[in-house]
Each structure stands twice: as structure tokens, then as C-alpha cells.
Amino acid sequence: MSLIDRLQLDIPLIQAPMAGVSTPALAAAVCEAGGLGSIGVGATDATGARAMIDAVRSRTGRPFNVNLFVHRRAKADPAREAAWLDWLAPLFARYDASPPATLGVIYKSFADDPDMLAMLLDTVPPVVSFHFGLPPGEVLSALRARGIVLMATATSLAEARAIEAAGIDAAVAQGIEAGGHRGMFDPAAPDDALGTAVLTRLLVREAGLPVVAAGGIMDGAGIAAALDLGAVAAQLGTAFVACPESAADEAYREALAGPGACHTVLTSLISGRPARALANRFTALGDRASRPPLPDYPIAYDAGKALHAAARATGEHGFGAQWAGQGAPLTRAMPAGELVRTLRRELELCRA
């Protein structure tokens with residue numbers, strides 16, 4: 001049975017998980033319209049993730065995807081973290097705030113979260129996907145034994161081969177155009193920064209598993225192009241941020257609809273890992289001289305969130321994590337179900 005048949009899709013479309021932006025309402029609306037809706041639970045604990053899964057199930061009986069972060073365990077470095085906070089201190093002061101006294105690991109990796117695994121084995125979501133790496137083999141075996149379809153992000157052929165060797169059902173080929181965090185297994189390793197088209201074609205030819213294309217795809221023509229490259233489906237994220245069902249705040253939506261959508265930046269400053277965002281005050285900090293080394297992800301994100309909260313309290317929204325891909329100028333604000341139906345019509349016109 002093909003992956004599309006297993007997922008019961010009417011259109012070869014996956015809505016990207018987008019932790020913090022995707023909601024159960026968004027995921028369910030995509031599912032009901034014939035795509036695969038997704039929720040990202042990497043920014044919550046097992047209790048919060050269970051509530052999100054229950055909320056999706058209350059809205060749809062169709063398959064959906066639950067995405068987890070599998071990053072390497074952060075190494076605390078008090079001296080490095082203190083230097084980072086000192087560097088940010090003038091910005092906090094600008095908004096009449098002080099930086100946190102210390103920073104912590106705000107997101108637990110799935111590889112270190114037995115409670116999350118137990119919850120997944122109990123709730124059995126139809127699809128589970130991984131970002132930043134892969135969990136241990138025994139975890140994959142346990143999920144597979146429950147009949148769960150497994151997917152994982154690859155930004156290179158080497159990562160795709162590791163995904164194949166682990167027995168994962170599909171690789172999500174994340175091109176450099178994609179918004180949000182790069183799914184690199186090792187963010188300190190060289191990044192070939194392959195575009196979606198090249199990476200998709202490379203994995204289709206060289207990796208022995210179904211490939212989902214992701215990055216810069218915003219309309220039916222983009223989906224058609226991904227399928228022509230050999231992908232079995234396309235994953236779209238930025239295209240859904242402007243939907244009313246997403247959790248994006250008004251400032252994020254305004255920035256996405258404005259001229260800044262034409263200018264996305266790949267930055268590690270916000271979280272400690274490379275991620276593509278709309279250019280704003282936070283991304284502009286990369287131009288400042290004498291920047292100290294960043295704390296590990298997600299420790300650096302603790303500082304980034306604190307700075308955003310301090311600035312937002314004064315009405316300044318330029319320090320938010322406004323993740324967006326290079327296709328951002330093609331965004332269309334409409335309900336998620338309507339967007340999926342529009343994408344389906346556009347895809348059919350390309351195939352007519």
C-alpha cells in the first residue's frame with residue numbers, strides 16, 4: 001500500500017507541524033479537507049501533548065501527524081550563558097526589563113522523554129514524525145509495533161540514509177527555503193544548504209524510501225512540481241500560518257502580509273539552532289559586532305523568549321520568532337479547509 005493510501009489522503013499534502021503555530025483546530029481542518037494535518041508537540045510535555053491529540057480527535061476521524069523534537073541533549077555552560085545574557089542586557093534595558101538570572105532547557109528532547117513515549121503508545125496517533133534527529137531503535141520498534149506510520153526530516157542524503165536504515169516509512173526532504181528550524185541532525189556540522197528541488201530529486205534517486213518535499217511550496221503548482229520530481233507528497237508550512245485556525249499572533253500575521261515577507265533570514269540567534277524567519281529586530285542582531293558564542297539549543301531559546309516578552313510588553317513585536325519560508329510573499333489568508341480545497345483545484349489544473 002502506498003504512503004498516500006495509508007494516510008487516506010485526497011490530496012498529496014501535509015500541513016507542516018510548526019510547534020507553537022499549528023493548533024488542533026488547524027490540523028483537523030486540513031484533515032477534514034483531505035490533507036494530513038499536523039501538530040507539533042516538541043514545545044510541550046506529555047500531558048499537554050495528550051490534550052492536543054485528544055483535541056484533534058474530537059474534531060476529525062481522519063489520520064493526523066504528531067511531530068516531536070529529537071535534538072541532542074543540551075550542554076549547560078554557565079559562563080557561556082552568562083556572557084550571552086550580558087550581551088543581550090542592553091536590549092532588555094531598552095524595554096525597562098532585566099535579563100533572566102539563569103537560563104534553562106525549556107524543551108525536552110523526545111530521546112530523553114519516556115513519559116512522552118508512554119503517552120504515544122497509549123494514544124496511538126496515526127502518524128508520528130521526528131525533527132532534528134531520530135530516537136533510539138527500541139523506541140522506533142515500540143511505535144512501529146502499534147501500527148504508527150513514522151516519518152523524519154532530512155536535510156541531506158546522509159540523513160535520509162540514516163532514516164532509511166532506521167526503518168522509517170518516509171523522509172521529509174527539507175530544503176533550505178523552508179521556514180522554521182532546519183532539521184539537521186547535527187547543527188554544528190557543515191550544511192550544504194540544498195534547495196528543495198535538488199534535495200528532493202537526490203533523495204528520490206538515491207534513498208530507498210518515499211520522499212515528501214518541503215520548503216518554499218505555497219500553491220498547487222508547487223505541489224505539482226514536487227510530484228514531478230518524484231516526491232509522493234508536499235509539505236507546506238508557511239502557507240498555513242495566515243489561516244485563522246493557526247496560533248500566530250496579530251503582529252506575526254501583519255509581518256507576513258507586509259513587504260518583509262520578501263526578506264527571510266536564516267538565523268541561530270533566536271533559539272540557538274539555524275531557523276528561517278521574517279527579518280526583524282531579532283534577526284538584525286546578527287549584524288552587531290563582538291557577539292559571544294551562543295548557548296546550546298534550546299537554552300538560547302529561553303533567552304530569546306524572555307527578550308520577546310519584555311519587548312512585547314511595551315508594544316514592540318520585532319523580537320518574536322516569526323518563522324517563515326522563502327515562499328512567504330505567496331501567502332494567502334483564508335480558512336485552512338478553503339486553502340486545502342484551493343490547493344487541490346490548482347493541482348488538478350496543473351494536471352489537466
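Me: Let's start with Phe-132. Is it buried or exposed?

Reply: Phe-132 is buried, at 1% relative accessible area. Buried means under 20%, exposed means over 50%, and partly exposed is in between, with a 1.4 Å probe and protein chains only.

Me: Before we go on, what kind of model is it?

Reply: This is a predicted model: local features need pLDDT of at least 70, side-chain atom pairs count only at pLDDT 80 or more, and totals for chains, interfaces and linings use all residues. Residues are numbered from 1 along each chain as its sequence is written, and side-chain values use heavy atoms, with hydrogens and water left out.

Me: Back to Phe-132. What about its phi?

Reply: Phi of Phe-132 is positive, about 85°, although the residue is not a glycine. Most residues other than glycine have a negative phi, and most peptide bonds are trans.

Me: Where is Phe-132?

Reply: In the loop between strand E4 (127-131) and helix H6 (137-145). Helices (H or I, at least four residues) and strands (E, at least two) are DSSP runs, numbered from the N terminus.

Me: And Ala-193, what is its phi?

Reply: Ala-193 is not a glycine either, and its phi is positive at about 55°. It sits in the loop between E7 and H8. Ala-193 is partly exposed, with a relative accessible area of 33%.

Me: Which residues does the cis peptide bond join?

Reply: Tyr-297 and Pro-298, with omega about 0°. Pro-298 is in the loop between E11 and helix H12 (299-312).

Me: New topic, the sheet. What is the strand order?

Reply: The order is E7-E11-E10, in an open sheet of three strands with antiparallel pairing. E7 and E10 are at the edges with a single partner strand each, so one side of each has no neighbour in the sheet. Two strands pair if DSSP finds at least two bridges between them.

Me: How many bridges for E7 and E11?

Reply: Two, between strand E7 (residues 180-181) and strand E11 (residues 275-278). Strand E10 (residues 264-267) pairs with E11 over four bridges.

Me: What is the bridge partner of Gly-180 in E11?

Reply: Arg-276. Arg-276 is also the bridge partner of Leu-266.

Me: Now helices. How do H5 and H6 pack?

Reply: Helix H5 (residues 114-123) packs on H6 at about 15°, with the axes 9 Å apart. Axes are lines fitted to C-alpha atoms, for helices over the stretch in contact, and angles run from 0 to 180 degrees between N-to-C directions. H5 and H6 are therefore roughly parallel. Under 35 degrees is roughly parallel, over 145 roughly antiparallel, 65 to 115 roughly perpendicular, and the rest oblique.

Me: Which residues meet there?

Reply: Leu-117, Leu-120 and Leu-121 of H5 meet Val-139, Ala-142 and Leu-143 of H6. Contact means heavy atoms within 4.5 Å. By class, that contact has six nonpolar, no polar and no charged residues. Ala, Val, Leu, Ile, Met, Phe, Trp, Tyr, Cys and Pro count as nonpolar, Asp, Glu, Lys and Arg as charged, and the others, Gly among them, as polar.

Me: And at what angle do H7 and H8 cross?

Reply: Roughly 45°, with the axes of helix H7 (residues 157-165) and helix H8 (residues 196-206) coming within 10 Å. H7 and H8 are therefore oblique to each other. Leu-157, Ala-160 and Arg-161 of H7 contact Leu-202, Leu-203 and Glu-206 of H8. By class, four residues of this contact are nonpolar, none polar and two charged.
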